[in-house]
Amino acid sequence: MSDVTHVDVLVIGGGAAGLSAALVLARARRRVLVVDSGRPRNAPAEGVHGFLSRDGIAPADLRATGRAEVERYGGRIEPGEVLAVRRVGDGFAVELADRAVRTRRVVVATGLRDDLPDVPGLRDRWGRDVLHCPYCHGWEVRDQPLGVLGWQPAGVHQALLLRGWSDDVVLFAENLADADRARLAARGVAVVDGQVHGLVVEDDALRGVQLADGTTAARSALFVPPRFRPNDALLADLGCERDNGWVRVDPTGRTSVPGVWAAGNVVDPAVQVVNAAAAGAKAAIALNADLIEADLLEGAA
């Protein structure tokens, strides 16, 4: 590839973490390129919540605002996929589909994906009335009949949480432990035993949850705690160390590989949009300081 772009920092991922990092770095007058695949995890959601001053904004509008802010300070944002990242000297060679990029530092903000149980209709309603986070969506379905799919241990925790938003919460579960039943009963959460077979949808809205025995429980929203899978193949290829299955970072997002930072859901499944933006900013500040130290060492050599 003859067309090679040279930048100070390549940010991989154009969500809240990546754009926040790019904004701070662009304002620090660094040459920044953001490469974004255009497949945000929160695309199905109606709005972003719990983000002070931006509560309720559509995810697409938040990203558009962020891109405009980055570009205002000279940062570049391009659609595309990063195919590979490898170290070359003190920096990195990055392979895109159409060309190569040489960068001094890398920020990986590629997020995660949600694995859902094999129940017909769940993915189609995901982010609408099949939901994953009470703090993100609980207010919007307050005082409605709510369900929680207890296909993994987090279901009990979610059901206990949701009682704060509705008096009518049902956990759909199999083989529930007696101790969990007692806690749920004390909190006023009903338990329906049996396997969930599908959803009842009418007029483009969830009306109920169908069990394998043919019975239906009327529900307006169903919370499903997903299994989180980080999109961290690039970090793995670089040899970043892991902890409990997730790439390990320090409080600034610095990985075990010099010159590589990671921020947002790619390293922490609990991070919400507001936290991801903060993580991106922290990574950018630490990374800029790292570049200054590298310049001083080079000047002294």
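Q: What makes β12, β13 and β14 a sheet, and in which order do the strands lie?
A: The order is β12-β13-β14, an open sheet of three strands with antiparallel pairing. Two strands count as paired if DSSP finds at least two bridges between them. Strands are DSSP runs of E with at least two residues, helices are runs of H or I with at least four, and both are numbered from the N terminus. This is a predicted model, in which local features need pLDDT of at least 70 and side-chain atom pairs count only at pLDDT 80 or more, while totals for chains, interfaces and linings use all residues. Residues are numbered from 1 along each chain as its sequence is written, and side-chain values use heavy atoms, leaving out hydrogens and water.

Q: Which strands of this sheet are called edge strands?
A: β12 (196-202) and β14 (216-218), since each pairs on one side only. Neighbouring strands here are turned by 30° against each other on average, direction ignored. Such angles run from 0 to 180 degrees between N-to-C directions, with axes fitted to C-alpha atoms, for helices over the stretch in contact.

Q: How do you know that β12 and β13 pair?
A: Six bridges join β12 to β13 (residues 205-211), in the antiparallel sense. The definition asks for at least two, so the pair qualifies. V200 has G208 in β13 as its bridge partner.

Q: What makes β8 and β11 edge strands?
A: They belong to an open sheet of five strands, ordered β8-β15-β9-β10-β11, with parallel pairing. β8 (130-131) and β11 (190-193) each have a single partner strand, so one side of each lacks a neighbour in the sheet.

Q: How many bridges join β10 to β11?
A: Four, with β10 (residues 169-173) and β11 running parallel. V170 stands opposite A190 in β11.

Q: Which strands does helix α5 lie across?
A: Helix α5 (residues 154-162) lies across β9 (146-149), β10 and β15 (221-223). The helix runs at about 165° to β9. Contact here means heavy atoms within 4.5 Å.

Q: Why is the contact of E78 with R99 called a salt bridge?
A: The closest N and O atoms of E78 and R99 are 2.7 Å apart. A salt bridge needs a Lys or Arg side-chain nitrogen within 4 Å of an Asp or Glu carboxyl oxygen, so the pair qualifies. E78 is in β3 (residues 76-79) and R99 in the loop between β5 (91-96) and β6 (100-108), so the bridge ties parts 21 residues apart in sequence. The whole structure holds 20 salt bridges.

Q: Are E78 and R99 buried or exposed?
A: Buried means under 20% relative accessible area, exposed over 50%, partly exposed in between (1.4 Å probe, protein chains only). E78 has 17%, so E78 is buried. R99 has 6%, so R99 is buried too.

Q: What makes R105 and D290 a link between distant parts of the chain?
A: Their closest N and O atoms are 2.6 Å apart in a salt bridge. R105 sits in β6 and D290 in helix α8 (residues 273-300), 185 residues apart. R105 is buried, at 9%.

Q: How are R248 and E241 classed by accessibility?
A: R248 has 37%, so R248 is partly exposed. E241, at 42%, is partly exposed as well. The two form a salt bridge, with closest N and O atoms 1.9 Å apart.
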